[in-house]
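Please view the structure first.

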Amino acid sequence: MFYGFHNSIAGRRGYAAALDAAEAQGASAAQLFAKSPRSWKTRELRAGEAEAFRDALTLGPVRRTAIHASYLVNLGASGELWEKSVFSLADDLYKAALLGVDYVVVHPGSGDPARVREGALKALSLAPAGPRLLLENVAGGGNKVGARLDELANLIEGTPLGVCFDTCHAFAAGYPLHEDARGVIGELEAVLGLENVPLIHLNDSRGGFASGVDHHANLGEGAIGAALAAVVSDERLQDKTFIMETPKEYDSQNLRAFRSWAGLL
Ligand SMILES: [Zn+2]
Ligand SMILES: [Zn+2]
């Protein structure tokens, strides 16, 4: 089991700063943005930056890493927005390949599921091989793609794509993690196959059950509450990577909760 947080890449060490932060936290995994998540602008790799990152991966305690794609990406769109989305995602996949990052996570977007699949595969075809591209389940609302596990299963079928399972989003989309976490994981296994779900975003939810509200809470303090412990301790998920996208100032509190649920304290 690998675990950690979404970390910042601000500062002199750039991308490696996310690994420095993980090491300071005592974590074994980290997620980062490869560029500003609310801008189309890319971020160039600085001289020596990829080497520094890969050295830190080789020598340090962090064993699993993920890049979260830009929030502007909408693979379900058409026309110019779809093309910009594909190139932005391909750029993240390219960075991930150079850095030795394991996973790139993207929200499918809204609109046409067939376009989402086509866009994800197109981005993969434009980038060097290496990282696995994961579609994240979302909280739902509007014509957002990917709130239902069966829809995600259709999207990835017959492709190298996988899924990132976000507990807050699943709960908000109507999966009863607060009452039957083991049942929801069973559904994940039956519908997607757990080999296709290497990454879990472990977040509690400020929004209520089936509310469609995507608002993360500290572990154990939201509407899922202590029931979230059953996800961390589930024997079927012991080889997975858990990333917490919880309020940053509470990292040490959330890490304590995670470790106690995982039996690591
Ligand atoms: Zn996300
Ligand atoms: Zn997430």
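Four bridges join strand 4 (residues 103–106) to strand 5 in a parallel arrangement; strands pair if DSSP finds at least two bridges between them. This is a predicted model, in which local features need pLDDT of at least 70, side-chain atom pairs count only at pLDDT 80 or more, and totals for chains, interfaces and linings use all residues. Residues are numbered from 1 along each chain as its sequence is written, while chains are lettered from A and ligands numbered from 1 in the order in which they are written. Helices (H or I, at least four residues) and strands (E, at least two) are DSSP runs, numbered from the N terminus.

**Strand 5 and its neighbours**
- Val104 has Leu133 of strand 5 as its bridge partner.
- From strand 4 the chain passes through helix 4 (residues 113–126) to strand 5 in a right-handed β-α-β crossover (clockwise from the first strand over the helix to the second, with the strands pointing away from the viewer).
- Strand 5 also pairs with strand 6 (residues 162–166), parallel and over three bridges, and Leu134 stands opposite Gly162 there.
- Helix 5 (residues 149–156) carries the chain from strand 5 to strand 6, and this β-α-β crossover is right-handed.
- Four of the five residues of strand 5 (residues 132–136) are buried, so the strand is largely enclosed by the rest of the structure (buried: 20 or more other C-beta atoms within 10 Å of a residue's own, with C-beta atoms placed from the backbone).

**Helix 3**
- Buried residues of helix 3 include Trp82, Leu89 and Tyr94.
- Gly100, with a positive phi near 80 degrees, follows helix 3.

Terms used:
A residue is buried if 20 or more other C-beta atoms lie within 10 Å of its own, exposed if 12 or fewer, and partly exposed in between; C-beta atoms are placed from the backbone.
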